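Take a look at the model below. This report walks through its layout, its strands and its cores.

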Amino acid sequence: MSTSKAREVLGSGKHTVVEEEDAKKTRYDVDAVWELMKRHEKVIIAKAKSWIDLAPVEENKQVLLKEAMGRSGNLRAPSVVVGKHLVVGFNEAMYREIFG
């Protein structure tokens with residue numbers, strides 16, 4: 001459900017989805033997720049009705065990975081790259097603030 005809601009919010013603004021991967025087909029383990037995070041200036045992760053916003057530096061690694069990984073051991077969906085930021089999970093207020 002969160003992926004379709006994310007598409008809805010993205011579609012209502014000035015942003016368009018350029019590339020999409022199915023998390024059931026493309027797996028990201030902990031090491032791959034950390035490498036993905038390190039390529040961005042900031043990682044923003046939805047947490048229920050709030051979100052965290054941290055730089056992907058070694059001191060934040062455990063917190064970022066704990067919050068970004070799903071129970072299946074894969075990167076949570078939806079996960080999108082916006083400019084220099086990686087956004088993980090869905091929170092409608094967060095999406096509206098980030099994607100306006």
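## A loop residue and its surroundings

His 40 sits in the loop that links α2 (30-38) to β1 (42-47). This is a predicted model. Is His 40 buried or exposed? His 40 has a relative accessible area of 11%. Buried means under 20%, so His 40 counts as buried. Which residues does His 40 touch, leaving out those up to four places away in sequence? They are Pro 56, Val 81, Gly 83, Lys 84, His 85 and Leu 86.

## The whole protein

Now step back. The protein contains four helices and four strands. Read from the N terminus, the order is α-α-β-β-α-β-β-α. The protein has 100 residues, and 33% of them count as buried. Its accessible surface is about 6,500 Å². Carbon and sulfur atoms account for 50% of that surface.

Contacts also reach along the chain. Take those between residues at least 6 apart in sequence: 54% of them join residues at least 24 apart.

| Pair | Bridges | Direction | Residues standing opposite |
|---|---|---|---|
| β1 and β4 | four bridges | parallel | Val 43 and Leu 86 |
| β1 and β2 (residues 50-54) | five bridges | antiparallel | Ile 44 and Asp 53 |

β1 and β2 also form a hairpin. Two residues lie between these strands. In the turn, Ala 48 has a positive phi of about 50°.

The largest nonpolar core holds 14 residues. Which of them touch the most other members? They are Val 33, Met 37, Ile 45 and Ala 68. Four elements each give this core at least two residues: α2, β1, α3 (61-68) and β4 (85-88). α2 provides the largest share, with four residues.

What is Met 37 in contact with, once neighbours within four places in sequence are set aside? The list is Val 43, Ile 45, Pro 56, Leu 64, Leu 65, Ala 68 and Leu 86. Pro 56 and Leu 86 are also touched by His 40.

Technical notes. Residues are numbered from 1 along each chain as its sequence is written. This is a predicted model: local features need pLDDT of at least 70, side-chain atom pairs count only at pLDDT 80 or more; totals for chains, interfaces and linings use all residues. Side-chain values use heavy atoms; hydrogens and water are left out. Buried means under 20% relative accessible area, exposed over 50%, partly exposed in between (1.4 Å probe, protein chains only). Contact means heavy atoms within 4.5 Å. Accessible areas come from the Shrake-Rupley method with a 1.4 Å probe; for residues, only the protein chains shown count as cover. A nonpolar core is a set of buried Ala, Val, Leu, Ile, Met, Phe, Trp, Tyr and Cys residues joined through side-chain atoms within 4.5 Å. Two strands pair if DSSP finds at least two bridges between them.
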